[in-house]
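Work through the following exercises with the sequence and the model side by side. Try each task before you read its solution.

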Amino acid sequence: MLILSKRLLAVSEMTGKVHTIADIGTDHAYLPVHLLKTGKADFAVCCDINKGPLDHAEKTVRDNNLSEKVSLRLGSGLAPLATGEAETVFICGMGGSLIIDIIEADREKALSAETIILQPQNDVPKVRKYLTENGFEIKNEKMVFDSGFYYTILSVKKGISPNLSESELLLGPCLIKEKPPVFLDYLNYKIEKLQALSDTLSEKDTPGAIAKQTEIQHQLTLIKEVL
Ligand SMILES: C[S@@+](CC[C@H](N)C(=O)[O-])C[C@H]1O[C@@H](n2cnc3c(N)ncnc32)[C@H](O)[C@@H]1O
């Protein structure tokens, strides 16, 4: 039986039913196998840059008798995928900069997908900024708390994005609008962390510490405005 992490379950909930999905950086192929088994997709293209993870993916697919519904492809980013081949493309569990690099390397192909679902492990504001300045619009956002970490998931499409404010880039336009309970927990967690950092820095008067303190106070103001 496949037991999906809370994080990947939340990712899976970001798509409606489609024919074909693509999972870039699929590793064990847990997400695509879950989507196939729950009837949310009829076919999955599972891509990874490394052979080891793709071997793991092959085993998960075989163990779940899904070989006929999966194409396993070795290669970087979107390169193994044909333009328009998958309605929904997932790029999850990678650093924000890598996700940006993957999209930027094949931007027209990325724009050709009906929906792209991204779950950056870090640098989420940087990902939002890149997307909204490069032909994508953020349609939905979700936050999930899993095993001690907060994860943000973005659902984006080709489109002209409105200009996002500084707090929208930092915290997410949809999350700010909807304010789900997990997001409010996250804001309070961020305030505590930033406040603790600020207290530590207050004993130092180097130019670096002063600049950092200014940045922290600015972030605290943005977060408190949203609460
Ligand atoms: C931490 S795993 C994430 C697996 C899964 N997507 C998840 O969210 O649980 C990252 C995977 O991305 C793959 N990867 C890293 N860089 C990649 C790239 N440029 N193109 C495709 N896959 C990549 C790695 O080999 C690894 O299997």
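**Exercise 1. Find how many salt bridges the whole structure holds, and describe the one between Lys17 and Asp42.**

Step 1: A salt bridge is counted when a side-chain nitrogen of Lys or Arg lies within 4 Å of a carboxyl oxygen of Asp or Glu, and a search of the whole structure gives 11 of them. Step 2: For Lys17 and Asp42 the distance from N to O is 3.1 Å. Step 3: This pair links distant parts of the chain, since Lys17 sits in the loop between helix 1 and strand 1 while Asp42 belongs to strand 2 (residues 41-48), 25 residues apart; helices (H or I, at least four residues) and strands (E, at least two) are DSSP runs numbered from the N terminus. Step 4: Lys17 counts as exposed, at 52% relative accessibility, whereas Asp42 is partly exposed, at 34%; here buried means under 20% relative accessible area, exposed over 50% and partly exposed in between, with a 1.4 Å probe and protein chains only.

Before going on, note that this is a predicted model, in which local features need pLDDT of at least 70 and side-chain atom pairs count only at pLDDT 80 or more, while totals for chains, interfaces and linings use all residues. Residues are numbered from 1 along each chain as its sequence is written, and side-chain values use heavy atoms, with hydrogens and water left out.

**Exercise 2. Describe where the salt-bridge partners Lys59 and Asp63 stand in relation to each other.**

Step 1: Their side chains meet at 2.7 Å, N to O. Step 2: Lys59 and Asp63 are separated by about one helical turn, because they are four residues apart in helix 3 (residues 51-63). Step 3: Lys59 is partly exposed, with a relative accessible area of 46%, and Asp63 is also partly exposed, at 47%.

**Exercise 3. Describe what surrounds the ligand.**

Step 1: Step 2: Seven of the shell residues are nonpolar, six polar and three charged. Step 3: Strand 4 gives the largest share, three residues. Step 4: A nitrogen atom of the ligand lies 3.0 Å from a polar backbone atom of Cys92, and a polar side-chain atom of Ser76 is 3.4 Å from a ligand nitrogen. Step 5: The ligand taken alone exposes 600 Å², of which the protein buries 78%.

**Exercise 4. Is Gln119 buried or exposed, and which residues does it touch?**

Step 1: Gln119 is found in strand 5 (residues 115-120), and it is buried, with a relative accessible area of 0%. Step 2: Leaving out residues up to four places away in sequence, Gln119 touches (heavy atoms within 4.5 Å) several residues, including Arg7, Val11, Cys92 and Tyr151.

**Exercise 5. What is the phi of Asp27 and of Lys179, and where does each residue lie?**

Step 1: Most residues other than glycine have a negative phi. Step 2: Asp27, although not a glycine, has a positive phi of about 50°, and Asp27 is placed in the loop between strand 1 (18-24) and helix 2 (30-37). Step 3: Lys179 is likewise not a glycine and has a positive phi of about 45°; Lys179 lies in the loop between helix 8 (173-178) and helix 9 (181-201).

Notes. Near = heavy atom within 4 Å. Polar contact = N/O pair within 3.5 Å; in protein donor to acceptor, adjacent residues only side chain to side chain. Areas by Shrake-Rupley, 256 points an atom, 1.4 Å probe, with all protein chains shown as cover. Nonpolar A, V, L, I, M, F, W, Y, C, P; charged D, E, K, R; others polar.
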